[in-house]
Amino acid sequence: LIRSFLEPEEELKRIHFYVSEPFTEAELRIIGKNKEDLEKFKKDYPEHYEKKVKTSGIIQKFNHKIAQQNQVKLRVGRVMFKFTNESEDKEVYDLEAKIPIPQLELRQKQIDALLAHDITKLYCTKQGGCILLFSKDTDFVPVLEAAWEKGFEVFIAKIKESPISVPSDLKKSCDVRECSVAEIVDSLPKNQHTDRKSTRLNSSH
């Protein structure tokens, strides 16, 4: 995916990949009333809690696999949580009633700060280069402008078929590199195509 956005003469030096920690790791830091609320949630809604734990395990495996890739530096932000209430329709004594059901809402923290820190460190320690960002968050405009002023080329990656456009504020700070899904598929190593084709043929017998 990333290499398909590079020019032929460009060399991929480093990939910074930003993720959140699994919920089960954040759970270990919970104290005080939040801890009490979480224990009550686990007791009253075990199926909802187990779903979060299962998802957390998937995220943990994904993060581990990404971290093992060549040229990848995994940057892990924290997860914060809060309880919100969502109404659920219930029939009580032949009457329709809305019953509030607590929901455990997870939110990423520190991701933007980590990314801004890495870009700042890059332009303060390196003499020029190219930054390709897979994000459309306008909060990064100041640090991207600073990198451009330090002599870096700055690009936003966009898949042509995506309905989400690049905000005008970002376009003022950097250029946009577009690539279609077909172009991305064509740029994949040929052995991946061969392996997938063989798998499909074998499974059809």
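Which residues of the largest nonpolar core touch the most other members? In this predicted model, local features need pLDDT of at least 70 and side-chain atom pairs count only at pLDDT 80 or more, while totals for chains, interfaces and linings use all residues. Residues are numbered from 1 along each chain as its sequence is written, and side-chain values use heavy atoms, with hydrogens and water left out.

The chain contains eight helices and six strands, taken as DSSP runs numbered from the N terminus (helices H or I, at least four residues; strands E, at least two). From the N terminus on, the order of elements is β-α-α-α-β-β-α-β-α-β-α-β-α-α. Of the 205 residues in the chain, 27% are buried (under 20% relative accessible area, with exposed meaning over 50% and partly exposed in between; 1.4 Å probe, protein chains only).

The largest nonpolar core has 17 residues, and those that touch the most other members are I119, Y123, L144, A147 and I156. Two or more residues of this core come from each of α4 (111–125), β4 (129–133), α5 (141–149) and β5 (152–159). Helix α5 gives the most, with five residues. A nonpolar core is here a set of buried Ala, Val, Leu, Ile, Met, Phe, Trp, Tyr and Cys residues joined through side-chain atoms within 4.5 Å. In soluble globular proteins, nonpolar side chains tend to be buried together. Apart from neighbours within four places in sequence, I119 is in contact (heavy atoms within 4.5 Å) with I131, V143, L144 and A147. A second, separate core of seven residues includes F23, I30, L38 and F41.

Strands β4 and β5 run parallel and are joined by five bridges; two strands pair if DSSP finds at least two bridges between them. The bridge partner of I131 in β5 is V154. The path of the chain from β4 through α5 to β5 forms a right-handed β-α-β crossover, that is, one running clockwise from the first strand over the helix to the second when the strands point away from the viewer.

Residue S56 lies in helix α3 (residues 46–67) and is buried, with a relative accessible area of 1%. Beyond its neighbours within four places in sequence, S56 is in contact with P22, F23 and T24. The side chains of S56 and T24 are joined by a polar contact of 2.9 Å (a pair of N or O atoms within 3.5 Å; within protein, one must be able to donate a hydrogen and the other to accept it, and residues adjacent in sequence count only if both atoms are side-chain atoms).
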